[in-house]
Amino acid sequence: MARSATRRRSAPAAVEGGINPKAPCPCGSGRRYKHCHGSGYAPPVTRPFEGLPGEPDWVALRELVPAATAPLRTTDGRDVTLASVLPGGAPALVRSNGEILLGVQLQASSDDVSRDIGTALAAALDSPAGAPVDPGPIGSAGSAGPRLQELLDPTVPLEVTVHPDFGFWLEGTDPNPAAQAGLERANEAVLPTERLEGLGAAYWVRPGNERAHLRWVRPEAEEPLLDALARLSASEQLLLGEGTRYAGAFRAHGLVVPVWDLPADTPAQEWAGPAAEFATRLEQALTVTDPLTADERRARAGLLSRQITLR
């Protein structure tokens with residue numbers, strides 16, 4: 001989905017001595033300093049889902065997974081179903097039976113995605129069953145409601161279910177022909193996707209007949225993670241097995257998402273074992289605190305050259 005954001009004006013940020021305006025901002029947003037904390041605007045919230053259970057899966061549902069749901073519970077005990085995307089990109093809807101569905105892939109975003117989605121949830125909680133949800137301005141005008149961290153019960157884990165299509169949109173309803181036709185059109189765009197159980201936010205996807213990918217949203221801070229990946233790359237331990245290739249990484253909502261190319265004809269769950277073995281290697285590499293060697297520094301530079309930021 002398209003992403004748009006207009007930042008709200010704040011007091012001009014003081015330029016600290018020695019910071020190159022064209023250098024990456026020290027906050028880790030991936031933006032240049034002059035466009036982030038060095039600008040006269042409030043910078044975006046780098047990790048909008050920080051503090052929520054399953055932060056990496058929130059990022060995955062927001063950016064990577066086409067059709068998925070997860071149960072949520074509010075602080076006052078109301079049940080909500082989180083959905084990767086809702087019909088027409090709606091931010092939320094309330095069915096005639098009172099069930100609330102909350103979309104995470106919004107059509108527009110402000111400088112705080114958590115507040116955008118929280119604004120939609122707050123509006124849905126106040127909407128009558130079967131009535132349209134009107135959250136007011138979201139995105140370019142700035143969202144005025146609470147953040148998700150203020151609304152959701154932090155003791156409830158995020159348990160994601162990946163679906164083969166968007167059939168969950170119409171579950172328990174009596175759809176008219178137009179709704180059924182819209183569902184069929186949406187289903188045509190769904191890429192085969194599976195979550196590798198027991199490995200956190202690790203998602204297998206097959207975009208075509210030639211290759212598949214493993215996209216793994218990591219919970220670690222970016223700098224130590226890149227150091228660990230560089231150590232594994234320099235020691236030729238970065239791959240997941242024969243026929244695989246490390247393709248690069250996304251930076252999304254403050255977390256890093258390494259991506260591997262995989263043979264398309266190997267079933268998704270057969271990668272659970274190799275991925276678990278890699279996780280063990282990565283955990284060991286993360287414990288190393290020695291300075292990077294020359295080979296590891298070169299490997300790190302190569303990894304950075306293949307990393308892009310999703311906005």
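Mentor: Start with the charges: R47, E50 and E55 are linked in a network of salt bridges. A salt bridge here is a side-chain nitrogen of Lys or Arg within 4 Å of a carboxyl oxygen of Asp or Glu. This is a predicted model, where local features need pLDDT of at least 70, side-chain atom pairs count only at pLDDT 80 or more, and totals for chains, interfaces and linings use all residues. Residues are numbered from 1 along each chain as its sequence is written, and side-chain values use heavy atoms, with hydrogens and water left out.

Trainee: What is the mean pLDDT of the protein chain?

Mentor: The mean is 89, and 87% of the residues reach 70 or more. pLDDT is the predictor's confidence in each residue, on a scale from 0 to 100.

Trainee: Where does pLDDT stay under 50?

Mentor: Over residues 1–16. For that stretch the model has 44 contacts beyond four places in sequence, a contact being heavy atoms within 4.5 Å.

Trainee: How many salt bridges does the structure hold?

Mentor: It holds 16. One of them joins R195 to D57, with the closest N and O atoms 2.9 Å apart. R195 lies in strand 6 (residues 193–195) and D57 in helix 1 (residues 55–63), so this pair ties together parts that are 138 residues apart in sequence. Helices (H or I, at least four residues) and strands (E, at least two) are DSSP runs, numbered from the N terminus.

Trainee: Are R195 and D57 buried or exposed?

Mentor: R195 and D57 are both buried. R218 and E220 form another salt bridge, at 2.8 Å between the closest N and O atoms. R218 is buried at 9% relative accessible area, and E220 is buried at 18%.

Trainee: New topic. How many helices and strands are there in the protein chain?

Mentor: There are 7 helices and 11 strands. Of the 311 residues, 47% count as buried.

Trainee: In what order do the 6 strands of the open sheet run?

Mentor: The order is 6-7-8-10-9-11, with mixed pairing. Strand 6 and strand 11 (307–310) are at the edges with a single partner strand each, so one side of each is left without a neighbour in the sheet. On average, neighbouring strands are turned by 25° against each other, direction ignored. Two strands pair if DSSP finds at least two bridges between them. Strand 7 (residues 201–205) and strand 8 (residues 211–217) are paired in the antiparallel sense over 5 bridges, and H213 in strand 8 is the bridge partner of V205.

Trainee: Which strands does helix 1 touch where it packs on the sheet?

Mentor: Strand 6, strand 7, strand 8, strand 9 (245–252), strand 10 (255–263) and strand 11. The direction of helix 1 makes about 30° with that of strand 7. Helix 5 (residues 222–234) also packs on the sheet, touching strand 9, strand 10 and strand 11, and its direction makes about 30° with that of strand 10. Axes are lines fitted to C-alpha atoms, for helices over the stretch in contact, and angles run from 0 to 180 degrees between N-to-C directions.

Trainee: Which residues of helix 5 are buried?

Mentor: E222, L225, L226, A228, L229, A230, R231 and L232. They pack against strand 9, strand 10, helix 6 (272–286), helix 7 (294–305) and strand 11.

Trainee: What comes just after helix 5?

Mentor: E236, with a positive phi of about 60°. E236 lies in the loop between helix 5 and strand 9 and is exposed at 75% relative accessibility. H253, in the loop between strand 9 and strand 10, also has a positive phi, near 50°. H253 is buried, with a relative accessible area of 15%. Most residues other than glycine have a negative phi.

Trainee: Last one. Where is V257?

Mentor: In strand 10, and V257 is buried at 1% relative accessibility. Beyond its neighbours within four places in sequence, its contacts include L64, W216 and F250. V257 and V59 are 198 residues apart in sequence, and their C-alpha atoms are 9.4 Å apart.

Methods. Buried means under 20% relative accessible area, exposed over 50%, partly exposed in between (1.4 Å probe, protein chains only).
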